[in-house]
Amino acid sequence: MKKDANHLTFEELKALIQQFIDERDWQKYHNPKNLSMSISIESAELMEIFQWLTIDESIALKNNRAKFEHIKEEIADIAIYCLSLCNVLDIDLNQAIVEKIEKNRSKYPTSKYKGNFE
């Protein structure tokens, strides 16, 4: 039985992405250098969608079907490359996120930063 996309774990997504890469014999291109560069390039493509928009205009894009689809595709590209990099470097993304949140809790305590970014 195929799992609903909304209920896939990071590990299942990583496996799906790795299968896609393996089927095309792209492993030789998926090294840390190339993947990190691809993340940056896709991030720039996402930023380009919002470039020159006001905050209100950028929020309103969720109501523009074509633009919203483009945003989703760019975010998916970024996530695919991030998960591919996790595959190549054997990073447990769940653990990395938990560790980073804990580090951020210490770095940005609510007593000092609640409602403030400075």
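Let's start at D90, which is exposed, with a relative accessible area of 70%. Keep in mind as you look around that this is a predicted model. You'll find D90 in the loop between helix 4 and helix 5 (93-107). What is phi of D90 near? The value is near 55°, which is positive, in a residue other than glycine. That deserves a second look, because most residues other than glycine have a negative phi.

There is another residue of this kind to look at. W52 has a positive phi of about 75°, and W52 isn't a glycine either. Its place is in the loop between helix 2 and helix 3 (55-60). Is W52 buried or exposed? W52 is exposed, and its relative accessible area is 76%.

Which residues of helix 4 are buried? They are I71, E74, I78, L83, S84, L85, C86 and N87. As for what covers these buried residues, the list includes helix 1 (10-24), helix 2 and helix 5. Let's take two of those partners in turn.

Helix 2 (residues 32-50) comes first. Its axis and the axis of helix 4 (residues 65-89) come within 9 Å and cross at roughly 165°. An angle over 145 degrees counts as roughly antiparallel, so helix 2 and helix 4 are roughly antiparallel to each other. Their crossing is left-handed. On the helix 2 side, the residues making the contact include P32, L35, I39, L46 and F50. On the helix 4 side, I71, I75, I78, Y81, L85 and V88 are among them. Sort the contact of helix 2 with helix 4 by class and you get 14 nonpolar, four polar and four charged residues.

Helix 1 meets helix 4 in another way. Here the two helices pack at an angle of about 90°, with their axes 9 Å apart. Angles of 65 to 115 degrees count as roughly perpendicular, so that is the word for helix 1 and helix 4. Who touches whom? F10, L13, K14, I17, Q18 and I21 in helix 1 meet I80, L83, S84, C86 and N87 in helix 4. By class, this contact of helix 1 with helix 4 has seven nonpolar, three polar and one charged residues.

Why does N87 count as buried? Buried means under 20% relative accessible area, and N87 counts as buried because its relative accessibility is 18%. Leaving aside its neighbours within four places in sequence, N87 is in contact with K14 and Q18. Both K14 and Q18 are on the helix 1 side of the meeting between helix 1 and helix 4.

Q18 takes us to one last stop, Q27. This residue lies in the loop between helix 1 and helix 2. Q27 is partly exposed, with a relative accessible area of 35%. With neighbours within four places in sequence left aside, Q27 is in contact with Q18, I21 and D22. Now look across to helix 4, where S84 is one of the buried residues. Q27 and S84 are 57 residues apart along the chain, and their C-alpha atoms are separated by 9.9 Å.

Definitions and conventions. Residues are numbered from 1 along each chain as its sequence is written. This is a predicted model: local features need pLDDT of at least 70, side-chain atom pairs count only at pLDDT 80 or more; totals for chains, interfaces and linings use all residues. Side-chain values use heavy atoms; hydrogens and water are left out. Axes are lines fitted to C-alpha atoms, for helices over the stretch in contact, and angles run from 0 to 180 degrees between N-to-C directions. Helices (H or I, at least four residues) and strands (E, at least two) are DSSP runs, numbered from the N terminus. Angles under 35 degrees count as roughly parallel, over 145 as roughly antiparallel, 65 to 115 as roughly perpendicular and the rest as oblique. A crossing is left-handed if the near helix is turned anticlockwise from the far one by less than a right angle, and right-handed if clockwise. Contact means heavy atoms within 4.5 Å. Ala, Val, Leu, Ile, Met, Phe, Trp, Tyr, Cys and Pro count as nonpolar, Asp, Glu, Lys and Arg as charged, and the others, Gly among them, as polar. Buried means under 20% relative accessible area, exposed over 50%, partly exposed in between (1.4 Å probe, protein chains only).
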